[in-house]
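Hi,

Here is the structure I said I'd pass on. Have a look at it first, and my notes follow below.

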Amino acid sequence: MECVLGVVGRDFAVVAADTSAVQSILVHKTDEDKVMVLDSHKLMGASGEPGDRVQFTEYIQKNLHLYQFRNTTPLSTAATANFTRGELATALRKNPYMVNVILGGYDKDVGPSLYYIDYIATLHKIDKGAFGYGSYFCLSLMDKLYHPDMTVEEAVDLVDKCIKEIRLRLVVAPQNFVIKIVDKDGAREYARRELVGDNASAGAAATTVAA
C-alpha cells in the first residue's frame, strides 16, 4: 500500500511518501524514508519492491556523485531524469527493477521541475503526480486543488489533504508520511505526519518541521 506523490509550486518542488516497510500482512517498520536526497538540489521518491527500491535509488545517487566528481558540475534535473530512465530501460531487457519514481529538483536557470518515471521506463515531465494505491485518491484531489503558482504552505496543505484521504479511504493505509522540499536553498526534509510510532501524538498527526 505504498504512496508517493509530488507537486511543483511557484519556486519549489515537494515530494512526499509513506514511511511503512511491509511484507505480506506484516508491517516491519514505520520510519522507512522513501524520499532520497540525491544531491544538494534533487529529491527522488520511490515505490516498489523494497530491495529494488533501495538498490536502485542508491545506484542513481552514487552515479550522480561520480559524475559531479569527474566533471566538477552536477547533472541538471532533466539530465538526471533521462539518466534514470535510461538505466530502467536497460534493466528492463535484462533484470528489471520494480521501481516507480517521482523525481523533483531545482536548477538555477530553469527553476523547479518534477518528473514521473515508472518501472517500464516511461518518462514525463509533470506538475503534479502520484504512484501507488494512494494515487487513486490523490490525483483527483490534485486535479481539483492544484494551481501552478502555489506557495509552500498551499502545496503542503494539498499534500496533507491527500494524506488524510489516503488514511480515510484505503483499507490498509500507511499511517506515517515524510514530506521533503527542494528549492533554491537546497533539498531538505520539511515535515513528518505521524499517527503511529514513538514520535506520534495520540489520535492526531504529529508535525516535525525542519529547523
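**What I found**

Let's start with a strand pair: β7 (residues 99-107) and β8 (residues 111-117) run antiparallel to each other, joined over seven bridges. Within that pairing, glycine 104 sits opposite leucine 114 of β8. Keep in mind that this is a predicted model.

The pair belongs to an open sheet of five strands, ordered β5-β6-β7-β8-β9, with antiparallel pairing. The edges are β5 (35-39) and β9 (123-126); each has a single partner strand, so one side of each has no neighbour in the sheet. From one strand to the next, the twist averages 25°.

Two helices lie across this sheet. Helix α1 (residues 50-71) lies across β5, β6 (42-48) and β7, and runs at about 15° to β5. Helix α2 (residues 77-92) lies across β5, β6, β7, β8 and β9, at about 10° to β8.

Then there's glutamate 2, which took up a bit of my time. You'll find glutamate 2 in the segment before β1 (3-8). Is glutamate 2 buried or exposed? Its relative accessibility is 18%, and since the cut-off for buried is under 20%, glutamate 2 counts as buried. The glutamate 2 side chain reaches the backbone nitrogen of glycine 48 at 2.7 Å. Leaving aside residues up to four places away in sequence, glutamate 2 touches Asp18, Lys34, Ser47, Gly48, Arg53, Phe131, Gly132, Tyr133 and Gly134.

Cheers

Note on methods: Residues numbered from 1 in each chain as written. Predicted model: local features only at pLDDT ≥ 70, side-chain atom pairs only at ≥ 80, totals over all residues. Heavy atoms only, no water. Pairing = 2+ DSSP bridges. Helix = DSSP H or I, 4+ residues; strand = E, 2+ residues; numbered from the N terminus. Axes fitted to C-alpha atoms, helices over the stretch in contact; angles between N-to-C directions. Contact = heavy atoms within 4.5 Å. Buried < 20%, exposed > 50% of the residue type's maximum accessible area, 1.4 Å probe, protein only. Polar contact = N/O pair within 3.5 Å; in protein donor to acceptor, adjacent residues only side chain to side chain.
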